Amino acid sequence: MARESIILLGVNHKKTPLAIREKLALTGGYEEPLNQLRQLRGLKEYYLLSTCNRVEVLFASEEPEQMRAEVLNLLFAGRVSQEQLESCVYTHSGSEAVRHLFTVAASLDSMIVGEAQILGQLKEAYRHASELKTSGLILNRLLHKAFSAAKRVRTETRIGASAVSISYAAVELGKKIFGSLEGKRVMLIGAGEMAELAAEHLVGQGIAEVVVVNRTLERAVNLAARFKGRAAGLDELVAQLAEADIIISSTGATGLVLHKQDVASVMPRRRNRPLFLIDIAVPRDLDPEINTLDNVYLYDIDDLNNVVEMNREQRDKEAVKARHIVEEETFKFMRWLEAMEVTPTIVELQTLAESICRNQLEKTLPRINGLGEKERQSIERMAAAIANKLLHHPLRYLKAEHECVDRQERISVVRSLFCLSGESCSNSLPDQSDDAS
Amino acid sequence: MSHLLFQLSLAAYLAAAAVYTVFFIRQKKTLHTVARVIFCVAAGLHTVNIAARYVEAEHTPITSIHEIISFFAWSLACCYLSFRWRYAVKNFGSFAVLLITILMLAATAAPQAILPLPPELRTWLLPVHASISIVAYAFLSLAAIGGLMYLIQERQLKQKHFGFFYHRLPSLEALDNLNQHCIGIGFLLMTLGMSIGTVWAFQLGGHRGLGWHTKIISAMITWLLYAGLMHHRFVQGWRGRRAALLTVLAFAAVLLTFWLLLMKGVADYGA
């Protein structure tokens with residue numbers, strides 16, 4: 001019996017530049033490529049994952065080397081050159097593949113470690129595979145274990161709690177001030193790239209409106225269009241303050257853009273609703289004294305960097321814990337998989353023993369005269385007991401953790417000793433007619 | 001019987017406070033569930049204790065120091081439970097249960113014997129006045145706890161120092177909402193309690209009217225403080241740090257009133 005291997009191949013953001021990743025991404029959804037893979041008879045089970053940071057194929061097959069080439073060919077042929085493909089695709093097999101999948105699910109392999117999105121994407125990918133029935137016994141269990149490993153990492157470590165980029169840090173701080181960012185208004189002062197990046201992340205949090213204030217109105221209009229927001233000139237800045245909740249300033253101005261008294265003057269009109277100001281410009285745009293006002297919170301780039309740095313340390317500590325969990329879960333899954341390998345052999349052995357008993361009993365019992373029901377049952381029990389005792393050691397040999405003999409080898413030894421199906425010996429039992437009469 | 005129930009509920013509160021404290025430090029979800037279950041059991045036992053004492057004493061058990069403090073703790077537990085289903089204020093329970101447990105310990109220190117009620121206090125107005133006022137104080141205490149949490153969290157955010165409390169305390173918004181909710185209900189009940197108390201005082205003293213007991217003056221000042229806070233909050237849009245600070249200060253006045261009440265005793269009027 002050939003061994004089925006689990007193979008994982010793919011590209012991710014760590015090794016492959018975006019330019020190649022976007023060519024390999026499965027932009028047309030999962031259904032088509034999953035159905036295409038059905039042509040490959042050698043694939044027992046498979047599933048696909050495609051996100052903006054990675055494309056991965058996971059399959060179980062008895063001929064991993066050949067299947068690897070065929071899968072790559074089928075999915076990615078023509079998109080990039082063969083050399084390019086070979087240089088960026090990583091291949092993991094067996095426990096390494098399992099570990100990699102668990103690491104991805106636990107968000108340890110993400111661009112922003114600890115972000116929660118990947119688990120949802122993984123579940124979505126798996127849903128397609130299971131709907132099209134391309135996942136089977138092994139992959140179903142493997143994916144479910146990946147979900148539960150990710151859940152363990154989430155509940156047992158604080159890896160998801162820390163923000164490790166400036167915009168994440170800003171969102172995290174905003175949540176501590178506002179509770180939820182839903183329905184809040186964001187004002188961008190300056191229409192630079194930094195402002196755009198920060199706003200992008202905020203908009204993902206359910207922001208109600210984005211207002212862009214810029215010296216040149218044209219650029220403000222362009223940026224505002226990206227977020228379906230409004231644009232305003234710099235002279236309207238103070239008037240706009242009354243409406244905004246979160247302000248991100250990133251102008252190239254050499255002096256201050258907003259003074260303490262500007263902010264103080266709008267607070268009564270705001271009925272003291274909190275105001276969260278983020279100053280990512282160097283030199284600073286916002287008067288540091290603004291932070292002394294009640295219900296106003298001002299953070300400059302250094303403050304945010306401190307938050308990021310602090311979170312990074314915290315996260316690294318948590319990642320160590322998370323990796324332990326991944327190791328543990330990988331080990332558990334591999335144990336299950338190995339046990340799966342011996343299960344068919346064990347079942348066959350037991351069926352063999354049972355059929356021998358039954359055959360012999362059927363032949364012998366009618367020849368003995370004067371047997372009562374009770375005696376008959378005792379003989380049957382004795383036959384079963386002999387068979388079981390004979391099988392006891394072979395079974396233990398199969399199940400036990402032998403360090404010196406590989407499990408595959410043990411399986412094949414037992415199979416050839418007992419002439420189980422697939423082994424090269426006559427399957428019929430020696431001399432059925434020569435029975436002990 | 002009621003004594004045994006009191007001891008049992010005290011033990012359960014102590015256990016809940018211990019688990020809540022560990023939960024606050026470790027932030028493990030399972031601990032939270034355990035703590036909540038223990039706390040609910042404690043509150044249940046406490047309810048039965050008060051009911052049993054009512055039966056034994058044949059009057060509402062809000063007459064001795066022990067009874068008043070115990071009833072206060074019980075009201076706090078109920079108020080906390082009443083809105084914890086509506087608002088999820090992160091880690092608020094750890095603080096609330098701690099206060100309840102401290103009150104329970106204080107109640108243990110007071111003599112627990114059931115005293116016969118002097119005839120002049122045998123009126124249905126006393127339990128109504130006392131229970132409404134105490135429930136009002138319970139809400140105001142919760143507001144003060146929330147205010148204290150607000151002040152800590154606000155300080156962390158202002159000073160950009162993100163220590164132990166930053167991760168464990170909820171958002172400023174949640175705490176401010178809690179403050180508004182608790183002060184609103186607490187103030188309403190306090191006003192109601194005081195009105196009933198006034199009616200009762202007139203009934204008792206007849207022509208003497210309210211008189212100017214220190215307790216009454218203190219209660220008036222407390223009421224004015226909260227009235228001012230309510231006014232500023234709803235009319236001038238006061239919120240955040242100032243509202244939280246005033247809530248904590250006003251609560252000090254509540255404690256003073258409460259202390260005067262306990263020292264002078266309810267029998268004060270009878271004399």
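In the predicted model, Ala281(A) lies in the loop that connects β9 (275-279) to β10 (296-300) of chain A. Ala281(A) counts as buried because 22 C-beta neighbours fall inside 10 Å, the cut-off for a buried residue being 20 or more. Leaving aside residues up to four places away in sequence, the contacts of Ala281(A) are Gly190(A), Ser249(A), Ser250(A) and Thr251(A). The C-alpha atoms of Ala281(A) and Ala195(A) are 9.3 Å apart in space, while the two residues are 86 residues apart in sequence.

Chain B contains nine helices and zero strands, and its elements follow the order α-α-α-α-α-α-α-α-α along the sequence. Chain B has 271 residues, of which 42% count as buried. Among the contacts in chain B with a separation of 6 or more, 81% are between residues 24 or more positions apart.

Between the two chains, 16 residues of chain B are in contact with 18 residues of chain A. On the side of chain B that touches chain A, two or more residues are given by each of α5 (125-159), α7 (172-205) and α9 (241-264) of chain B. The largest share of this side belongs to α7(B), with three residues. By residue class, the side of chain B that touches chain A comprises seven charged, five nonpolar and four polar residues.

Note on methods: Residues are numbered from 1 along each chain as its sequence is written. Chains are lettered from A and ligands numbered from 1 in the order in which they are written. This is a predicted model: local features need pLDDT of at least 70, side-chain atom pairs count only at pLDDT 80 or more; totals for chains, interfaces and linings use all residues. Helices (H or I, at least four residues) and strands (E, at least two) are DSSP runs, numbered from the N terminus. A residue is buried if 20 or more other C-beta atoms lie within 10 Å of its own, exposed if 12 or fewer, and partly exposed in between; C-beta atoms are placed from the backbone. Two residues are in contact if their C-beta atoms, placed from the backbone, lie within 7 Å. Ala, Val, Leu, Ile, Met, Phe, Trp, Tyr, Cys and Pro count as nonpolar, Asp, Glu, Lys and Arg as charged, and the others, Gly among them, as polar.
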